[in-house]
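Please look at the fold below with its sheets, helices and cores in mind. The report that follows takes these topics one by one.

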Amino acid sequence: METARVLVAADKFKGSLTAVQVAERVTAGLRRVAPGVRVETLPVADGGDGTVAAAVAAGFERREARVTGPLGDPVTAAYAVRDTTAVVEMAEASGLQHLPAGVFAPLTATTYGSGELLLAALEAGARTIVFGVGGSATTDGGAGMLTALGARFLDADGKPVGPGGGGLADLATADLSGLDPRLGEVDLILASDVDNPLTGPKGAPEVYGRQKGATEDDVVALDAALAHYASVLGPEQAELPGAGAAGGIGYGALVALGARFRPGIEVMLDVLGFAPALARATLVITGEGSLDEQTLHGKAPAGVAAAARAAGIEVVAVCGRLALPPEALGHAGIRRAYALTELEPDPAVCMAEAGPLLERVAESIARDFLR
């Protein structure tokens, strides 16, 4: 009998295990039951937080830059480079992880540091930049990012508007003539699992503003400010898929930087070299912390399963909690899902003990699929 070749291509279990740790724990559990199994690991991400870490695990070089955080304080942000391709994750500069516990700034948080991170990638010689957007603390339509790249946003008195989405209500003129000319020579790919427009009932403030601390009044104010901003820069692009990603930074990239939107998991599978790894596999194990309705809309496991199904390779999934019925899993191309909560029903214990529990889950997969 041919030796099984397993490809572990899972995302992080948010709050408990990184994608790299998930791969390590699954591998350990598989080998305990099937010592001779060949395991290849390819941690994946869908453009949100964890994207740089996935690139580094796939052989990219990790680099750091000191940039402006969402509240205006300096933070250290990582990006990844291989040859002339850079992977930049906006959450590294402008993400919720840079806010102190319980502190939000929905009206004033800025993406300025994300622009500085793109500049660092340009300085590193990147000709292709994968710009992963998600996990943002910001709702400024990318105005801060564009300012860092050389744009000017001025009020009626010719003074710069204040930081964040709130300041855009005062915008009178937008001058993009000072944007770094190197941006015109780069293939900038906006990688996101979010295809929302900029404003309106499915827009960035309404759908995502509250998780960044916005009150109901703030949501209304931000939506109006971003609509005004778009009326100055270009209202057509505000309706494009991805314009509402990461507090509207997608719109800024689309309207001013010539970015092209692609689903984050598709881009990352290309960048990480998923196709050749898949060709070597007889079984794929994917997963993330919660397999739920959101998973089916562009999250990493759905992208991995779709690619594997197209290649005729069986897929199983691991997760912390499972909120999808077997039919939905089947439609997504996932033969079976194994949840940590089946072993430990207490969610707090499940998160705290995710590593050992995941090894036990992997032992079950080995017994069910590798014997």
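## A pair of parallel strands

Val130 stands opposite Ile189 in strand 9, where two strands count as paired if DSSP finds at least two bridges between them. The strands concerned are strand 6 (residues 128-132) and strand 9 (residues 187-192), which pair in the parallel sense over 5 bridges; strands (E, at least two residues) and helices (H or I, at least four residues) are DSSP runs, numbered from the N terminus. In general, the strands of a sheet pair through backbone hydrogen bonds, either parallel or antiparallel.

The model is predicted, so local features need pLDDT of at least 70 and side-chain atom pairs count only at pLDDT 80 or more, while totals for chains, interfaces and linings use all residues. Residues are numbered from 1 along each chain as its sequence is written, and side-chain values use heavy atoms, with hydrogens and water left out.

Strand 3 (residues 61-68) pairs with strand 4 (residues 74-82) in the antiparallel sense over 8 bridges, and the bridge partner of Glu61 in strand 4 is Val81. Their hairpin has 5 residues between the strands, and Gly72 takes a positive phi near 100 degrees there. Strand 4 is also joined by 4 bridges to strand 5 (residues 85-89), and these two strands run antiparallel, with Val87 in strand 5 as the bridge partner of Ala80. The hairpin of strand 4 and strand 5 has 2 residues between the strands, and Asp83 in the turn has a positive phi of about 55 degrees.

Another open sheet is formed by 5 strands in the order 2-1-11-12-13, with parallel pairing. Its edge strands are strand 2 (38-41) and strand 13 (336-339), each of which pairs on one side only, and the twist averages 25 degrees from one strand to the next. Within this sheet, strand 1 (residues 5-8) and strand 11 (residues 283-291) pair in the parallel sense over 3 bridges, and Val8 stands opposite Ile285 in strand 11.

Helix 1 (residues 19-33) packs on this sheet and touches strand 1, strand 2, strand 11 and strand 12 (314-322), while its direction makes about 175 degrees with that of strand 2. Helix 12 (residues 300-310) packs on the sheet as well, touching strand 11 and strand 12, and its direction makes about 160 degrees with that of strand 11.

## Nonpolar cores

In soluble globular proteins, nonpolar side chains tend to be buried together. A nonpolar core is a set of buried Ala, Val, Leu, Ile, Met, Phe, Trp, Tyr and Cys residues joined through side-chain atoms within 4.5 Å, and buried means under 20% relative accessible area, exposed over 50%, and partly exposed in between (1.4 Å probe, protein chains only). The largest nonpolar core has 52 residues, and those with the most contacts inside it are Ile129, Phe131, Tyr229 and Leu257. Helix 9 (residues 245-256) gives the most to this core, with 8 residues. A second, separate core of 41 residues includes Ala80, Leu269, Cys319 and Ile334.

## The whole protein

The protein has 15 helices and 13 strands. Its radius of gyration, taken over C-alpha atoms, is 21 Å, close to the 21 Å that the globule rule gives for 371 residues, so the protein is as compact as a globular protein of that length; the rule is 2.2 Å times the number of residues to the power 0.38. Buried residues make up 54% of the 371 residues.

Methods:
Axes are lines fitted to C-alpha atoms, for helices over the stretch in contact, and angles run from 0 to 180 degrees between N-to-C directions. Contact means heavy atoms within 4.5 Å.
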